[in-house]
Amino acid sequence: MVASSGGHHQWKLAVGTVVIITVVIISGKKSMMDWGERWSEVRKLLERPGPFTHPDFEPSPDTLKMLQENMRVLVIGAGGLGCELLKDLALMGFRNLHVIDMDTIDLSNLNRQFLFRKKDIGRSKAEVAAEFINRRIQGCQVVPYYSKIQDYDDDFYRSFHLVVSGLDSIVARRWINGMLLSLLCYEDGMLDQSSVIPLVDGGTEGFKGISGVTYRLTQGVVKRIIPAVASTNAVIAAACATEVFKLATSACTPMNNYCVFNDSDGIYTYTYEQEKKEDCVACSQVPQELLVQLTEKLQDVISRLKDSLQYQMKSPGLQAMIDGRTKSLYLHSPASIEERLRPNLKKTIEELGLRDGMEIAVADVTSPTTVLFKVKIQT
Amino acid sequence: MIKLFSMKNQKKDGSDVAKQGTQKRASAAQLRITKDINELTLPKTCDTEFPDPDDLLNFKLVICPDEGFYRGGRFVFSFKVGPNYPHEPPKVKCETMVYHPNIDLEGNVCLNILREDWKPVLTINSIVYGLQYLFLEPNPEDPLNKEAAEVLQNNRRLFEQNVVKSMKGGYIGNVYFDRCLK
């Protein structure tokens with residue numbers, strides 16, 4: 001699976017997916033929290049070995065408990081996909097759910113966003129969806145956030161095990177992808193697996209009657225111009241929820257890693273692996289080590305970046321991250337800023353406040369992107 | 001495979017997770033702006049002001065055109081680079097009140113690459129050149145200041161006089177413009 005290779009950690013299910021899913025069907029009459037057979041179907045998946053289980057999987061009753069009590073899942077978007085996702089995940093046994101959406105309910109949502117009623121029009125989608133699920137599915141605690149995903153920082157996102165999204169905007173998708181990638185930690189160039197938060201991303205659009213639909217077109221679709229279809233939402237959300245379940249429990253190897261489902265003219269589905277692009281701007285930021293001495297002057301470090309055969313930089317600009325704040329060490333241009341930073345060239349690494357493990361972003365014309373370095377103090 | 005299963009007990013609740021997290025890392029926007037600023041090549045009519053040199057996301061650009069209608073003037077633009085940069089353009093406002101068809105009296109700027117034609121491959125440098133071009137070639141089509149655009153379209157001589165008058169400080173119609181000569 002791609003996520004283990006250190007980035008590119010996105011499953012995308014665009015325009016649909018067929019997945020065989022064991023949905024726990026609950027009779028409406030009983031509403032006791034955990035009556036005898038409530039989790040029997042999920043137990044069958046988690047307490048027995050099987051041919052498709054992941055090598056790490058150990059059948060155990062603890063897995064269901066872990067799913068219910070420990071697993072924190074963030075659902076991004078409480079719209080067409082979000083409503084389905086919340087329902088699916090809650091019925092699967094996830095109880096620690098969080099949902100974030102900046103939108104309010106509109107009359108036109110009611111045909112497919114089934115957690116909302118006419119009286120809810122104008123209220124926050126996240127809040128109404130959370131109330132509905134919490135009322136309907138006992139034991140489940142959905143926490144709503146009526147805000148933009150950009151309103152929260154890395155500490156917020158780091159607190160989840162899994163993120164699943166049903167978004168209608170490319171910018172928001174890129175943002176959350178970039179955020180989760182920025183949480184990855186590297187030790188000596190090796191990815192620390194426990195810093196990985198998988199993103200399961202679903203998207204749907206109705207394309208009926210439009211000819212010449214291309215991948216590019218699906219990328220540029222603007223909200224509400226092309227109406228989403230309720231049944232497609234259900235299929236995609238089910239596929240995404242299944243992937244969340246697989247990732248959370250290892251009860252089955254997850255999908256690798258992209259699936260397209262098209263039900264506009266018959267049914268067509270195709271699953272394939274989207275490969276990691278080596279020079280991907282979003283996910284190939286593995287910091288390189290920069291060996292320095294505390295007594296070394298900044299100008300010596302810069303000369304080294306220029307002279308070393310490996311880097312051969314021309315006019316590097318350096319910005320450090322110190323205690324969560326950026327600090328400009330030296331920039332080549334513009335003149336006004338160069339003048340102010342020039343005194344830093346004569347300062348030592350120690351005087352500049354640089355310590356072991358801190359990251360320095362180095363920009364230079366010789367590279368299309370800013371390169372990240374990790375300070376390693378030589379003694 | 002992600003070792004979620006084996007790390008299931010590591011993140012029992014959000015509180016202790018937040019602490020175990022490592023130090024904050026530079027955002028994609030910060031990495032990109034560092035590169036943009038380090039490679040900025042300003043035309044001789046432009047200069048930048050960074051109130052805090054450690055914060056490359058907020059700065060001002062000063063344009064002093066040396067030809068065209070606005071020759072001799074001094075115009076200050078504020079740049080705010082958001083967390084979605086470069087997928088979204090920076091927010092650029094003109095802080096100097098200016099009589100210009102493409103800049104309204106609140107300082108909103110109508111420049112295609114700051115709106116619908118923005119692409120992530122564009123840089124701060126592209127915007128600097130775009131803004132400079134606005135002063136050399138004000139565009140009366142699709143204006144923000146309709147009155148100025150009308151004058152430019154119908155009477156170039158009058159437009160030129162109005163620009164000079166506004167830069168010296170004075171009324172155009174019933175709007176007062178502060179002096180902004182260099």
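User: How do strands β12 and β14 of chain A pair?

Analyst: Strand β12 (residues 317-322) of chain A and strand β14 (residues 359-363) of chain A run antiparallel, joined by five bridges. Strands pair if DSSP finds at least two bridges between them. This is a predicted model, where local features need pLDDT of at least 70, side-chain atom pairs count only at pLDDT 80 or more, and totals for chains, interfaces and linings use all residues. Residues are numbered from 1 along each chain as its sequence is written, chains are lettered from A and ligands numbered from 1 in the order in which they are written.

User: Which residue of β14(A) is opposite A:Leu318?

Analyst: A:Val362 stands opposite A:Leu318.

User: What is the order of the strands in the open sheet?

Analyst: The order is β11-β15-β14-β12-β13 in chain A, with mixed pairing. The edge strands, β11 (288-292) and β13 (325-330) of chain A, each pair on one side only.

User: New topic: at what angle do α3 and α8 of chain A pack?

Analyst: Helix α3 (residues 80-92) and helix α8 (residues 230-249) of chain A pack at about 45 degrees, with axes 8 Å apart. Therefore α3(A) is oblique to α8(A); angles under 35 degrees count as roughly parallel, over 145 as roughly antiparallel, 65 to 115 as roughly perpendicular and the rest as oblique.

User: Which residues of α3(A) make the contact?

Analyst: Among them are A:Leu81, A:Leu85 and A:Met92 of α3(A). Contact requires C-beta atoms, placed from the backbone, within 7 Å.

How values were computed:
Axes fitted to C-alpha atoms, helices over the stretch in contact; angles between N-to-C directions. Helix = DSSP H or I, 4+ residues; strand = E, 2+ residues; numbered from the N terminus. Contact = placed C-beta atoms within 7 Å.
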